[in-house]
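This briefing covers one protein chain, topic by topic. Please keep the structure open while reading.

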Amino acid sequence: MDKDTILHMKIVIVGCGKVGLTLAEKLSEEGHDLVLVDSSLPRLQAIPDELDAIRLHGNGSSINTLMEADIEHTDILISVTSSDELNLLCCLIAKKASQCHTIARVRTPDYSGEANFIKEKLGISMIINPEYAAAMEIARLLSFPSAIKIDIFAKSRVERLKFRLSPELHLHDITVSQFAQRTHFDVLICGVERDGQVTIPSGDFVLKANDMLSIIASPPSATRFFLNIGMNTHPVRNALIVGGGKISYYLASRLLQSKIDVHIIEQNPDTCDKLCERLPNATILCGNGTDRQFLMEEGLANAEAFVTLTGLDEENILLSLFAKSHSNAKLVTKVNRIDFGDIIANLDIGSVVYPKNMAANHILQYVRAMYNSLGSNVETLYKILGNRAEALEFAIHEESAVTGTPLANLSLRDNLLIGCINRHGQIIIPRGQDSIQVGDTVIVVTTHKGLQDVRDILAKPKRKL
C-alpha cells in the first residue's frame with residue numbers, strides 16, 4: 001500500500017455492527033486514526049485484535065463520551081448504529097461540539113425522500129443508505145442482465161461492466177488488442193480475473209475462456225457491444241424476490257416505476273401487510289421462500305429475474321443455486337459477510353451484492369475527496385476486482401504534470417490504466433495521443449490503493465544512487 005500518498009485523519013465511528021466494522025477495516029487499511037464507540041461491551045470485545053483502533057465503551061450521543069473520544073480534534077464522525085434517530089443525534093451533537101464533518105446512516109424508507117432536507121437543516125455532511133444503494137445496483141443489473149456487475153461514473157455517462165467470457169462468444173485465445181479490433185466498439189478492457197488472480201491487462205495480454213472481464217464504455221457503446229457479441233441486452237420483464245426487508249422495498253419501488261412485474265415472497269405476516277400497503281402494484285406472497293415446492297408454484301421456472309434478499313447469507317446462496325438449476329433467471333444474491341468472498345466468487349450464482357461494501361466505498365470516496373491536494377478531486381470510488389483494485393474518477397480543476405501531455409508521453413505507474421476521459425459530456429476512450437485537460441473527469445483503474453490526487457497516477461522518479 002502507498003501509505004506515503006495517504007493523508008491521515010482522525011475518525012470516530014459510532015456503532016460497531018457489520019457496517020461499522022467494515023468501515024473500520026477499510027479506513028484502518030488507509031492509515032487513518034480510528035476511535036470505535038459502542039454501547040455494547042461484548043460487541044467492542046468482539047472486534048478483532050489486529051484492527052488498529054481505540055475501543056471506547058459508551059453512548060455515542062453523549063457529549064461526555066464524545067469528549068472522551070477527543071471530538072474536538074476529530075476530522076470525521078461516522079454514526080452507523082441500528083437506529084436512524086440515534087445516528088442523526090450523534091452527528092448533531094458532534095457538530096455542536098466541534099468543527100468535524102459528520103456522516104449518518106439513515107435507512108428507514110420514511111426518511112428516504114427527506115435526505116437533502118435533513119443534511120441541510122442538521123448540517124450533516126453525508127447521509128448513507130446501504131439498503132437503498134444496494135437496491136439501485138440490483139435495479140441496474142436487472143436492466144442489463146448480461147452484466148454480473150455494473151458501476152457508474154460521470155453522472156451515468158460511463159459504466160464499468162463485468163461479464164464472463166464464455167467459450168460460445170469465440171473471443172478467447174486472442175490478445176486484448178485483437179479483441180478491440182474484432183469488436184469495433186469504443187469499449188476498453190480494464191480488468192481480468194482468472195483463477196483468483198487479478199490483472200490490469202496490456203494490449204498483448206491473451207484472453208482465455210471463462211475469464212471474468214471488466215470493460216469501460218458509455219451505455220450506448222456497451223449495449224452495441226453486447227448485442228454484437230450475442231449477449232442479452234433487454235431488461236427483465238418480471239422479478240421474483242425472496243425476502244421483504246428494506247432492500248426489497250426500495251428495489252420493488254424502482255422496478256414498478258419501470259413497469260416490471262414484481263412478486264415478493266416474505267414469511268412474516270406483519271411485514272407482508274406493510275408491503276401490501278406501501279407497494280399496491282406488487283404481488284406480495286406470504287410464505288416460506290426456502291420451500292422448493294412453494295417457489296416452483298409461484299413461478300420460479302418462468303421468472304426472468306430471481307433476487308434473494310433474506311437476512312441469512314447461506315439461505316440466499318442456496319436459493320440462488322437452486323434457482324440456477326430450475327430456471328434461466330438472472331440471479332442476484334445479497335451477501336452481508338465478506339469473509340468468504342473468494343469462495344463465493346467461485347460459485348456460479350450470478351451477481352453478488354454486498355450492501356456493507358457499498359457504504360464503505362461511499363465513505364472512502366468522501367474521505368479521499370475531503371483532503372484532496374491542489375488540482376483534482378475524487379468524484380467516484382469503487383473497490384473492484386475482488387477488492388484488489390480500485391476504479392476512481394478524478395475531476396481535474398487546474399493544470400498539473402498530467403495535463404496537456406499526450407498519454408503516451410506520460411510516465412504512468414505500473415498496474416494502472418486510464419480508462420476514460422469525460423470532456424463536458426463527450427466520452428473519450430483514450431488512445432496514446434489523447435491528453436487530459438482542465439475541466440475533464442478521468443477514470444483510473446489501478447491495483448495501487450490510496451490514490452487521492454490525479455498526480456498520483458505518475459510513476460515516482462527513481463532515486464539516484
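Which residue in β2 does lysine 10 stand opposite? Lysine 10 faces aspartate 33 there. The model is predicted, with a mean pLDDT of 91 for the protein chain.

**Confidence**
- In the protein chain, 95% of the residues reach a pLDDT of 70 or more.
- Residues 1–6 stay under 50 in pLDDT. For residues 1–6 the model has 20 contacts beyond four places in sequence.

**Strand β1 and its neighbours**
- Strand β1 covers residues 10–14, and five of its five residues are buried, so the strand is largely enclosed by the rest of the structure.
- Lys10, Val12 and Val14 lie on one side of β1, Ile11 and Ile13 on the other, and all of them are buried.
- Strand β2 (residues 33–38) runs parallel to β1 and is joined to it by five bridges.
- Between β1 and β2 the chain passes through helix α1 (residues 18–29), and this β-α-β crossover is right-handed.
- Strand β4 (residues 76–79) also runs parallel to β1, with four bridges joining the two. Serine 79 in β4 is the bridge partner of valine 14.

**Isoleucine 11**
- Isoleucine 11 is part of strand β1. Its relative accessible area is 0%, which means that it counts as buried, the cut-off being under 20%.
- Alanine 53 is 42 residues from isoleucine 11 in sequence, and their C-alpha atoms are 9.8 Å apart.

**Nonpolar cores**
- In soluble globular proteins, nonpolar side chains tend to be buried together.
- The largest nonpolar core here has 56 residues. Among those with the most contacts inside it are Ile138, Leu142, Phe163 and Phe226.
- Helix α7 (residues 130–143) supplies the largest share of this core, eight residues.
- A second, separate core has 45 residues, including Met9, Ile47, Phe394 and Leu407.
- Beyond four places in sequence, the contacts of phenylalanine 163 include Ser146, Ile148, Asp211, Met212, Phe225 and Met231.

**Helix α13**
- Helix α13 has 14 residues (residues 313–326), which should span 20 Å at 1.5 Å a residue. The end C-alpha atoms of α13 are 20 Å apart, so the model agrees with that expectation.
- Buried residues in α13 include Asp313, Asn316, Ile317, Phe322 and Ala323.

Key:
Residues numbered from 1 in each chain as written. Predicted model: local features only at pLDDT ≥ 70, side-chain atom pairs only at ≥ 80, totals over all residues. Heavy atoms only, no water. Expected span 1.5 Å × (residues − 1). Buried < 20%, exposed > 50% of the residue type's maximum accessible area, 1.4 Å probe, protein only. Core = buried A, V, L, I, M, F, W, Y, C linked by side-chain atoms within 4.5 Å. Contact = heavy atoms within 4.5 Å. Pairing = 2+ DSSP bridges. Right-handed = clockwise from strand over helix to strand, strands pointing away. pLDDT = per-residue confidence, 0-100.
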